[in-house]
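Good morning. Please look at the sequence and the structure on the screen, and I will take you through a few parts.

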Amino acid sequence: MVTAMDAPKDAAQSCPHGEQPPLQPRSPFPPPAVPSTQVSADILSIAENDRCFDCAAALLPSDAWASVSHGCTLCLACAGLHRALGVHLSFVRSLALDGLKPLDIAALREGGNKRFRLFLEQPEHAVR
């Protein structure tokens with residue numbers, strides 16, 4: 001019987017099925033968030049995102065918030081109201097303080113205040 005001690009040193013690196021790349025260790029941490037300064041200006045440059053979706057207050061990059069689940073931008077006061085609804089209804093993040101995940105950024109870029117407003121104005125989405 002051949003043991004690990006008897007095997008040639010390069011045998012541990014070879015694979016009978018062909019050459020395999022070395023395994024990279026997996027990180028237990030999620031991918032890093034994108035810096036908020038570049039994201040804030042990018043999100044606020046989308047049509048109608050320079051104002052709060054709920055109250056139409058003008059937004060500055062330093063105090064803008066976003067509902068990632070709705071894809072719209074909010075002021076601090078309205079963000080507090082959305083946060084009180086719970087994350088299962090409106091997941092709120094600060095564009096200046098919180099690092100956004102790539103999936104959150106994609107949701108905000110695909111959405112926006114204008115698209116969300118048009119969605120809500122469609123008759124089939126009306127609250128009865």
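I start with a definition: a residue is buried if its relative accessible area is under 20%, exposed if it is over 50%, and partly exposed in between, using a 1.4 Å probe and protein chains only. What we have is a predicted model, in which local features need pLDDT of at least 70 and side-chain atom pairs count only at pLDDT 80 or more, while totals for chains, interfaces and linings use all residues. Residues are numbered from 1 along each chain as its sequence is written, and side-chain values use heavy atoms, with hydrogens and water left out.

Now to Thr73. With a relative accessibility of 1%, Thr73 counts as buried. Thr73 sits in strand β2. Strands here are DSSP runs of E with at least two residues, helices are runs of H or I with at least four, and both are numbered from the N terminus. What does the side chain of Thr73 reach at 3.0 Å? That is the backbone oxygen of Asn49. For such a polar contact, a pair of N or O atoms must lie within 3.5 Å; within protein, one must be able to donate a hydrogen and the other to accept it, and residues adjacent in sequence count only if both atoms are side-chain atoms. Contact in general means heavy atoms within 4.5 Å. Leaving aside neighbours within four places in sequence, Thr73 is in contact with several residues, including Ile43, Phe53, Trp65 and Asn113.

Next, the sheet. Strands of a sheet pair through backbone hydrogen bonds, either parallel or antiparallel. In this model three strands form an open sheet in the order β2-β1-β3, with antiparallel pairing. β2 and β3 are the edge strands, each pairing on one side only. Two strands pair if DSSP finds at least two bridges between them; β1 and β2 have three, in the antiparallel sense. Ser67 has Cys72 in β2 as its bridge partner.

Then helix α2, residues 76–85. Which of its residues are buried? They are Cys78, Ala79 and His82. These cover an arc of only 105° around the axis, which puts them on the same side of α2. The arc is taken from the directions that run from the helix axis to the C-beta atoms. Leu76, Ala77, Leu81 and Ala84, on the other side of α2, are exposed. The cover over the buried residues of α2 includes β1 (65–67), β2 (72–74) and β3 (92–94). Just after α2, Gly86 has a positive phi of about 105°.

Helix α3, residues 102–110, has Asp104, Ile105 and Leu108 buried. Seen down the axis of α3, the buried residues fall within an arc of 100°, so they line one face of the helix. Leu103 and Glu110 are exposed on the other side of α3.

Last, the aromatic rings. Rings of Phe, Tyr and Trp (its six-membered ring) pair if their centres lie within 6.5 Å; planes under 30 degrees apart count as stacked, over 60 as edge-to-face and the rest as tilted. The structure holds two aromatic pairs. Phe53 and Phe116 form a tilted one, 5.0 Å centre to centre with 45° between the planes. Phe53 lies in the loop between α1 (36–44) and β1 and Phe116 in helix α4 (residues 113–121), so the pair ties together parts that are 63 residues apart in sequence. Phe53 and Phe116 are both buried. Ring pairs link Phe53, Phe116 and Phe119 into a cluster.
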